[in-house]
Amino acid sequence: CMFADILVAVSGEETDWPSVAQAVEIACRESARLLGLHVVDSASDRESEKVRALQAEFARHCELLGVDGKLAIEVGQVARKICERARWADLVVVSLSHPPTRQPVLRLGSGFRTLVRRCATPVLAVPGAFSPLSQPLLAFDGSPKAREALYVAAYIAGRGAVPLTVLSVSEGDRSAAAALDEAAAYLEPHSVKAQFIERSGPVAEQILDTARARGSDLVLMGSYS
């Protein structure tokens, strides 16, 4: 299994539970251990009634599907603590209920942006809805971080026997054809069935448009580049 230990961030908000359910589902598939993490502002908050109720609810979610899981309580800044704990995990699952805004200054201060750029472990962002992860889309440009996403995509598609869509977008002087050839050369010996799509134009828009057209319920990409 690629994901033996899964770290899931739990803030206690109602919008978090779909991401916990997603992490539990992956833990079931991978026979993995679930490592919950809740970050509080001060040491005195560790023993609060709210925290005890959160631990009980987390344990209930794990018990329902027979997953080995435990919720740890840390004090500090959320993104930093997730990155620290991620050293002992193979996948980090977080809720994307508060994505980065469009304003440049606020984007720089976004905890999610910090997490994506600094976390050494793959991050699965759950935007509020549970996904069966049965229609993965890989956005691939041939960069080192994109190659890491390619390895994960090959594992998910091969282990679940699900079709994979590989998208590469030409932008400016960068051609998508070479990136698609590289992806195909890697996937073929792994017996992964894939459809390769080449597009041109703004990268983010092309990824979203292709995901909608293909009915994709999982998008994989490098954390930057």
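**Entry 1: H3 and H5**

I began with two helices, H3 and helix H5 (residues 111–118), whose axes come within 9 Å and cross at roughly 25 degrees. The model I am reading is predicted. How are H3 and H5 set relative to each other: roughly parallel or roughly antiparallel? Angles under 35 degrees count as roughly parallel. H3 and H5 are therefore roughly parallel to each other. I noted the hand of their crossing too, and it is right-handed.

Next I listed the residues that touch. H3 brings Ala79, Ile82 and Cys83. H5 brings Gly111, Thr114, Leu115 and Arg118. I sorted the contact of H3 with H5 by class and got four nonpolar, two polar and one charged residues.

**Entry 2: H1 and H2**

I turned to another helix pair. Two packed helices are described by the angle between their axes and the distance between the axes. Helix H1 covers residues 17–30 and helix H2 covers residues 49–64. They pack at about 40 degrees, and their axes are 10 Å apart. I wrote down that H1 and H2 are therefore oblique to each other. H1 passes H2 in a right-handed crossing.

Which residues make this contact? From H1 I found Trp17, Val20 and Val24. From H2 I found Leu54, Glu57, Phe58 and His61. The residues of the contact of H1 with H2 divide into five nonpolar, one polar and one charged.

**Entry 3: the five-strand sheet**

I looked up the strands next. Five of them form an open sheet in the order S3-S2-S1-S4-S5, and the pairing is parallel. Which strands stand at the edges? They are strand S3 (68–75) and strand S5 (123–126). Each has a single partner strand, so one side of each is left without a neighbour in the sheet. From one strand to the next, the twist averages 25 degrees.

I followed one pair in detail. Strand S4 (residues 91–95) pairs with S5 in the parallel sense, over four bridges. Valine 94 stands opposite alanine 125 in S5.

H2 packs on it and touches S1, S2 and S3. The direction of H2 makes about 155 degrees with that of S3. Helix H3 (residues 78–85) lies across S1, S2, S3 and S4, and runs at about 150 degrees to S2.

**Entry 4: the four-strand sheet**

I found another open sheet, with four strands in the order S8-S7-S6-S9 and parallel pairing. Its edge strands are strand S8 (194–200) and strand S9 (218–220), each pairing on one side only. The twist here averages 25 degrees from one strand to the next.

How many bridges join S7 and S8? Strand S7 (residues 164–170) and S8 pair in the parallel sense over seven bridges. I picked out valine 166, whose bridge partner in S8 is phenylalanine 196.

Helix H6 (residues 144–160) lies across strand S6 (136–139), S7 and S9, at about 145 degrees to S9. Helix H7 (residues 177–187) packs on the sheet and touches S7 and S8. The direction of H7 makes about 170 degrees with that of S8.

**Entry 5: salt bridges**

Last, I looked up charged pairs. Side chains of opposite charge can pair when their charged atoms come close. The structure holds 10 salt bridges. I looked at one of them, where the side chains of aspartate 5 and arginine 33 meet at 2.8 Å, N to O. Aspartate 5 is in strand S1 (residues 5–9) and arginine 33 is in strand S2 (residues 33–40). The pair links distant parts of the chain, 28 residues apart.

Note on methods. Residues numbered from 1 in each chain as written. Predicted model: local features only at pLDDT ≥ 70, side-chain atom pairs only at ≥ 80, totals over all residues. Heavy atoms only, no water. Axes fitted to C-alpha atoms, helices over the stretch in contact; angles between N-to-C directions. Parallel < 35°, antiparallel > 145°, perpendicular 65-115°, else oblique. Left-handed = near helix turned anticlockwise from the far one by under 90°. Contact = heavy atoms within 4.5 Å. Nonpolar A, V, L, I, M, F, W, Y, C, P; charged D, E, K, R; others polar. Pairing = 2+ DSSP bridges. Salt bridge = Lys/Arg side-chain N within 4 Å of Asp/Glu carboxyl O.
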